[in-house]
Amino acid sequence: SYVTAMTERDIRNLAEIEGLTGLPALLGLLAARSASLMNMSEVSRSTQIPYSTLRRYLALLEATFLLAPLPAWTPNIGKRFVKAPKIHLVDSGLAAHLRGEQDPVSLARSNGVGALLETFVLQELRKQLAWSEPRCSAHHFRTPVGREVDIVLEAPGGRVVGIEVKAGRAFDDRDIAGLESLAEVAGERFVRGVLFHLGDQIVPGRTL
């Protein structure tokens with residue numbers, strides 16, 4: 001009922017336009033691809049929504065606080081605007097519902113729990129960033145060869161912290177490969193890397 005109210009009433013009133021029947025399907029697709037890179041052309045083909053209409057729909061989902069894409073981070077600020085953001089719904093619980101994940105036990109065992117956990121951690125961090133000092137901005141990082149860091153926090157002045165989110169209870173060196181790449185690219189601006197996982201122990205890190 002919440003999705004219906006948002007897509008059929010609130011967004012329609014905001015946009016003052018008809019023809020929003022494709023929004024529920026689009027929202028479901030975005031939930032299914034939570035924490036993945038936004039490929040506008042592919043989403044347009046999958047939903048059969050024209051590219052220009054898709055851009056308008058995405059803007060409406062952001063304006064109503066349903067969608068909050070995570071922009072890319074690079075040392076060159078100008079290049080950030082040409083790199084794909086990652087898909088994140090604002091409410092990870094809503095994303096789980098739209099994905100059909102309604103039972104906590106089955107969700108914990110599903111292949112999609114990692115993406116939903118990443119979305120949850122990001123939104124919790126965004127809440128903290130809304131009042132913290134300094135006012136950091138959130139991004140994601142991905143190299144041309146596919147090494148990535150789920151969340152990059154950048155403070156004024158350019159200092160960065162990388163955060164990797166893993167749904168497993170154990171990890172190895174492969175899980176910090178993206179953090180190592182971020183440290184290399186950021187150089188002296190890199191403060192530290194953090195690996196968030198579902199284990200029950202805090203594991204001391206090593207110098208990157």
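Leaving aside its neighbours within four places in sequence, which residues is His-88 in contact with? The residues in contact (heavy atoms within 4.5 Å) with His-88 are Ser-34, Ala-35, Leu-67, Ala-68, Pro-69, Leu-70, Glu-118, Thr-119, Leu-122 and Gln-123.

A word on the model before going on. This is a predicted model, in which local features need pLDDT of at least 70 and side-chain atom pairs count only at pLDDT 80 or more, while totals for chains, interfaces and linings use all residues. Residues are numbered from 1 along each chain as its sequence is written, and side-chain values use heavy atoms, with hydrogens and water left out.

Back to the histidine. His-88 sits in the loop between helix 5 (77–80) and helix 6; helices (H or I, at least four residues) and strands (E, at least two) are DSSP runs, numbered from the N terminus. His-88 is buried, with a relative accessible area of 0%, where buried means under 20% relative accessible area with a 1.4 Å probe, protein chains only. Its side chain makes a polar contact with the side chain of Thr-119 at 2.8 Å. Such a contact is a pair of N or O atoms within 3.5 Å; within protein, one must be able to donate a hydrogen and the other to accept it, and residues adjacent in sequence count only if both atoms are side-chain atoms.

Next come the nonpolar cores, sets of buried Ala, Val, Leu, Ile, Met, Phe, Trp, Tyr and Cys residues joined through side-chain atoms within 4.5 Å. The largest has 24 residues, and Leu-26, Leu-30, Leu-58 and Leu-61 have the most contacts inside it.

Helix 2 gives the largest share, six residues. A second, separate core of twelve residues includes Ile-176, Leu-179, Ala-183 and Leu-195.

Just after helix 9, Gly-187 takes a positive phi of about 65°.

Definitions and conventions:
Buried means under 20% relative accessible area, exposed over 50%, partly exposed in between (1.4 Å probe, protein chains only).
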